[in-house]
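Reader: Please take me through this model with a few careful questions and answers, beginning with the terms that the answers will need.

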Amino acid sequence: MYRYKIICLILSGFFFGVSLGQQPEEIVISGFKPVTKKELGASISSIQSETLDAPTVKHFQDLVQFVPNMNFSGEGSRPRYFQIRGVGEREQYEGAPNPSVGFFVDDIDLSGIGGVTSGFDLDRVEILRGPQSTRFGSSALAGVVYSKSKEPNQDFEAFMELSEGSNDLFSAGVALGGSLSDTATGRLSVYQYKDNGFRKNNWLARDDTNQRDEFTIRSKINWEIRSNWEAILSLLYADFNNGYDAFSLDNTLVTLSDEPGEDSQTTEAASFLFSGPFSEKAEFTSITSIANSEILFNYDGDWVNEANFLPIISDYRYNNPRERNSISQEFRISSLKDGKIFNNSSNWVIGFSWKNLEEENLIDSTGVYVQADIFCPPLPDPFACTTDRQISSDFSSDVIALFASLDTKLSDQLDLSFGFRVEHWDAKYFDSWIDNDPFRGSVGNQNQFSPDDNLFGGHIAIQYDWSETLLTYARVARGFKAGGFNPSVAALAALPNAPNPDLVAYKNEYLWNYELGLKSESFGGSLLADVSIFYMDREDAQLSQSDQVNATDPNSFYYLTSNGEANVYGLESSLVWQVNDHWRFNGAFSLLDSEVDEWAVRPSLVGRDLAHAPSYTINLGADWKGALGWFVSANVFFTDNFYYDIGHDQKSKSYQLFNLSAGKDWKDWSVIFWGRNLFNKEYATRGFFFGNEPPDFTETLYTRLGDPRQIGVTLRYNY
C-alpha cells in the first residue's frame, strides 16, 4: 500500500515541475457561469469525449475509476449510490431521499436514482468533489456529478454504433441531430444494451438470471430566441429491466437461487432551461426539472433453493417496489459584463429555488424455516417457523432556498469568491408495518414525523494567478444534508434485542471542507494538471450500517443510519498530456485517510476508517493514433482495499483492472476490438457479513463480485 502512496506523491510533484503554456478553452457547465477548468477554484474532474467514446465505457459506473477518490457500491445491477472522498450511501434497500452525492443529467435531478445513465451520446461528465451547497444545496454534501448530453447544431449529424461481445453482449445506438428551423436545432438518441450479467445459475440451468436489459432515449431541442434569449428542452426516458442474482454462498459467479430477483427502473424526466439578458447588466435564468421513476428491487433472500440445506428447508423472498417523483424550479439573476458592482470588480448571482420530492416505498419480506430443533420453538407447528413482514412508508419533502454568490477581482492576480445558501426543509414521513409470525401472532405499529428545519451552507475561496497558466486556490466550504428515517428499524421494535425505536429518525449532517489546490498548464497548452489537498470535518455524520437481530431470521435484517462524528483528509491529482498528434497520456491519483471519531451505536468503531473509502486509487492511460487511422488505447486502474461496511471489520482485497482497445478509422467508419478487465481479475464491489447457512448460521463474509473479463467488437458510423 505504501509504495503506491509514494508513487502518487512523486508523480504529483513531477507534473508541476514543468514550464507553463496556454490551454484551449474547456467549458465547465456545473457552476452558475461557464468557466474553464483552470479558472474554477475547486476540485473537479472533467471527463471529455475522448474517454466517453471509448468502447469500454457503456455506463456511468465505467467512468468512476477515472475520478480521484470516487467509488461506488455494487448494491444492485447498476450502482445508484456513489462515494466521494469516503462520503456517500451504499444501499438502496429502503430508499435514500437525501443522497450525499448529487447526480444531474441535463439539469434533471436524478440523485439517488442515477443508475439509469448510459454512456452513449454524452458530451461530457463533470464531478465536483467536496460540498457544493451554494449551487446545489442539500443534494451535494460530498460532491456533484453533472452529465451533459451532446448538443445539436445546424448541420445534420448521424451517429450509429453496434457492439457484440462475450457474455451475450449486444448493444446498438443511433443519434440524429440537425436543424429544425432557422432558430431551432434538435438531437435524438436511442440506445439499447444487453448482456447476461456474468452469472451462471446451476439450479435453474440458466446464464441470464442476472441479465442487463437497458433501453434509453434522450432528446434535446435548442431554440435561439430573438435578443439573445434561448431555451433548451431536454427529455429522458430510461427503461432498465435488469435481473438480480448476484450473490452466492461460496462468493463465486455461480448461483443456486430458485427465485432470481429483479432490479428494474423506469424513469421519465425532463428539464427546461430558459435564459437571456434583462438588459446589458443582468441575465435571467429559469431551470425547471421533473423526474418520475418506478423502481422494483427483489431477490431470493437465502440465495439458494429449497433442496440446498435438506433436511432443513429455508426459503425467503424480499420484494421492494418504490415510486419516486420530484419536481424543481430555479430562478436566478446574474450579472453581465456591464453589470459588475464594487467599482466594476465583482460578478454576482442571486437566486431562488424550490424542490418537491415524494417517495412511496413498500417492503414485503416472507419466508419459511423448517427444522425440528431449538431454532424453531414448537408453536404453532412443531417443525415450521414462518415469517411475513410488510413495511410501507411515504416520504415527502419541500425545500425552499435562497442563494447568492459574489466573485470579486481584488487585483490583476488575486480573486475572491463568496457564496451562501439558506434552505428551509419541510418533510412528512409516515410508515406502517405489520409482522406475522407463529410466536407473537400479528403485531404492527405506525410511525409519523413532520420535521422542518433551516439549513445553511456556502463557501469562501481565494485564488491567485501566478501567471496565465498557473493558479493556486484555498477554499473553505460548508455542506449540509437533511435528516431522514429508517423504516426497518420501526418494524423490528417488538423483537428482543431490537435497535432503540428512537433511532427511526436521524438528524441533519453538516460537513466542513478545507482545501488547497494548484492548477497548471504546460507545453503550449498540451498538458493540464492539478493537485489538491483537503480536510473534511463531518458534524452529526449520517453513518449507516446493516445488521441482523435474529441470526435464523433473514427478515430480522435492518438498515440503520444514525448520527456520529467523522473526519476525512487526503490528496488528489490528475493530468492530461497531449504529447503530439499521435500520443496522449492521462492519469489520476488519490490518497485518502478517513476516521470515525464518535458513534454511539458502535463505540468500538471509533478510530476506524469509513466504508468504501480506499486509501489510494490510481488510473494510468495512454492513447496512440497512427497516420493511417490505426489507434490503440490502454488504461490500468489500481484500487486499495476498503471496509465494506462500518458494522463489521471485513475488507475487500486491493485489485488492478486493465482495459485495452484497438482499431482503425476510415472516413466515416471505424471498427474497434476491445477488452475490459482483460486479465480477468477477481474483485468485489460490495460485501456483507452475517449468518445465512443453517444450522449454525455462522457469520460469514459474502461478496458481490465485479464484472469479469469481457471482450467485444464495436462498429461505428459517423456522418
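Author: A residue is called buried under 20% relative accessible area, exposed over 50% and partly exposed in between, with a 1.4 Å probe and protein chains only. The model is a predicted one, in which local features need pLDDT of at least 70 and side-chain atom pairs count only at pLDDT 80 or more, whereas totals for chains, interfaces and linings use all residues. Residues are numbered from 1 along each chain as its sequence is written, and side-chain values use heavy atoms, with hydrogens and water left out.

Reader: How many helices and strands does the secondary structure of the chain come to?
Author: Helices (H or I, at least four residues) and strands (E, at least two) are DSSP runs that are numbered from the N terminus. Counted in this way, the secondary structure of the chain consists of four helices and 38 strands.

Reader: Which kind of ring pair do Trp229 and Phe278 form?
Author: Rings of Phe, Tyr and Trp (its six-membered ring) pair if their centres lie within 6.5 Å, and planes under 30 degrees apart count as stacked, over 60 as edge-to-face and the rest as tilted. The structure holds 38 aromatic pairs. In the pair of Trp229 and Phe278 the ring centres are 6.4 Å apart and the planes stand at 65 degrees, so the pair is edge-to-face.

Reader: How many residues apart in sequence are the parts that Trp229 and Phe278 tie together?
Author: Trp229, which counts as buried at 16% relative accessibility, belongs to a cluster linked by ring pairs, together with Phe274, Phe278, Phe284 and Phe331. Trp229 lies in strand β15 and Phe278 in the loop between β17 and β18, so the parts that this pair ties together are 49 residues apart in sequence.

Reader: Why is the pair of Phe247 and Trp303 assigned to its class, and which class is it?
Author: Phe247 is buried, and Trp303 is buried too. Phe247 lies in the loop between β15 and β16 and Trp303 in the loop between β18 and β19, so the pair ties together parts 56 residues apart in sequence. The ring centres of Phe247 and Trp303 are 5.0 Å apart and their planes are at 15 degrees, so the pair is stacked.

Reader: Is Asn343 buried or exposed?
Author: Most residues other than glycine have a negative phi, and most peptide bonds are trans. Asn343 has a positive phi of about 60 degrees and lies in the loop between β19 and β20. Asn69 likewise has a positive phi, near 55 degrees, but counts as buried at 5% relative accessibility. With a relative accessible area of 77%, Asn343 is exposed.

Reader: What is omega for the cis peptide bond that joins Pro694 and Pro695?
Author: Another cis peptide bond, with omega about 15 degrees, joins Leu310 and Pro311, and Pro311 is found in the loop between β18 and β19. Pro695 lies in the loop between β36 and β37, and the cis bond that joins Pro694 to Pro695 has an omega of about 5 degrees.
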